[in-house]
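Reader: I'm new to this one and would like to go through it slowly with you. Could you show me the sequence and the model, please?

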Amino acid sequence: MADHMKKTVRSDVPWKKIGDILLEAGLINRDQLKESLQKQAVTGNRLGSILVEMGALSEENMVGALSRQLAIPSINLKKTAIADDVFRLLPIQFMVKHQVVPVSREDDILTVAMINPLDHSTVNDIEFMAGGQVRPMVTTASAVEEVLAARTDRVSKETEPVSAEENGFEVIEEADETVDMVHLRQIAETPAIVRRIARILNGAIRA
């Protein structure tokens with residue numbers, strides 16, 4: 001399925017590595033490319049991220065160069081609304097690891113914001129998980145990290161355990177020396193409590 005991604009790139013542009021693209025665009029020089037490749041061999045980090053950390057170029061310049069060279073549109077994730085059902089198409093751990101964010105889906109084509117649209121392995125994995133083709137868009141690493149951090153924080157808050165009082169259960173003080181088991185059984189068997197327990201269990205299963 002990765003062949004679909006190649007079709008989004010201009011046919012007259014040879015398939016090149018990110019370092020070569022940035023070099024030809026005049027955004028970095030050969031010494032900076034050599035240094036970044038040496039650091040990549042040690043750290044295993046993405047070349048673009050290393051160049052940004054080195055101060056060799058900005059994220060915006062890197063995104064612009066990739067977008068122009070590969071004819072792949074760029075996207076500002078900070079100004080893009082993403083539907084919950086689309087975001088849930090990929091596991092959060094996968095998105096964090098590969099720095100990708102699903103943006104929208106139309107028929108069997110999933111638009112995905114990526115900091116490295118040339119990562120064929122990741123594209124193949126996304127196509128397998130989402131069950132369709134991938135339309136990559138270029139974005140910055142900081143934008144991806146900000147979106148993922150915000151979404152992860154929201155999911156954590158939605159799945160935080162709540163107190164017994166918030167769930168509507170009757171709390172029995174520890175000072176009580178005796179417990180009326182008949183009374184407790186009657187409380188637990190009331191329709192409202194049964195429905196509340198069912199909702200809690202369903203929510204836990206979905207989470």
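Reader: Which residues have the most contacts inside the largest nonpolar core?

Author: In this predicted model, the largest nonpolar core has 26 residues, and those with the most contacts inside it are Leu 77, Val 100, Val 101, Val 112 and Ile 126.

Reader: And which elements give two or more residues to this core?

Author: Those elements are the helices 6 (84-87), 7 (92-98), 8 (120-130) and 9 (141-158), together with strand 1 (100-106), strand 2 (109-114) and strand 3 (133-138). Helix 9 supplies the largest share of the core, with five residues.

Reader: What is Val 100 in contact with, leaving aside its neighbours within four places in sequence?

Author: With those neighbours set aside, Val 100 is in contact with Leu 90, Phe 94, Met 95, Val 112, Ala 113, Met 114, Thr 122, Ile 126, Val 144 and Leu 148.

Reader: Switching topic, at roughly what angle do the axes of helix 3 and helix 4 cross?

Author: The axes of helix 3 (residues 30-43) and helix 4 (residues 47-54) cross at roughly 120° and come within 9 Å, and the two helices are therefore oblique to each other. The crossing of helix 3 past helix 4 is right-handed.

Reader: Which residues make that contact?

Author: Helix 3 contributes Gln 32, Leu 33, Glu 35, Ser 36, Leu 37, Lys 39, Gln 40 and Thr 43, while helix 4 contributes Leu 47, Ile 50, Leu 51 and Met 54. The residues of this contact divide into six nonpolar, four polar and two charged.

Note on methods: Residues numbered from 1 in each chain as written. Predicted model: local features only at pLDDT ≥ 70, side-chain atom pairs only at ≥ 80, totals over all residues. Heavy atoms only, no water. Axes fitted to C-alpha atoms, helices over the stretch in contact; angles between N-to-C directions. Helix = DSSP H or I, 4+ residues; strand = E, 2+ residues; numbered from the N terminus. Parallel < 35°, antiparallel > 145°, perpendicular 65-115°, else oblique. Left-handed = near helix turned anticlockwise from the far one by under 90°. Contact = heavy atoms within 4.5 Å. Nonpolar A, V, L, I, M, F, W, Y, C, P; charged D, E, K, R; others polar. Core = buried A, V, L, I, M, F, W, Y, C linked by side-chain atoms within 4.5 Å. Buried < 20%, exposed > 50% of the residue type's maximum accessible area, 1.4 Å probe, protein only.
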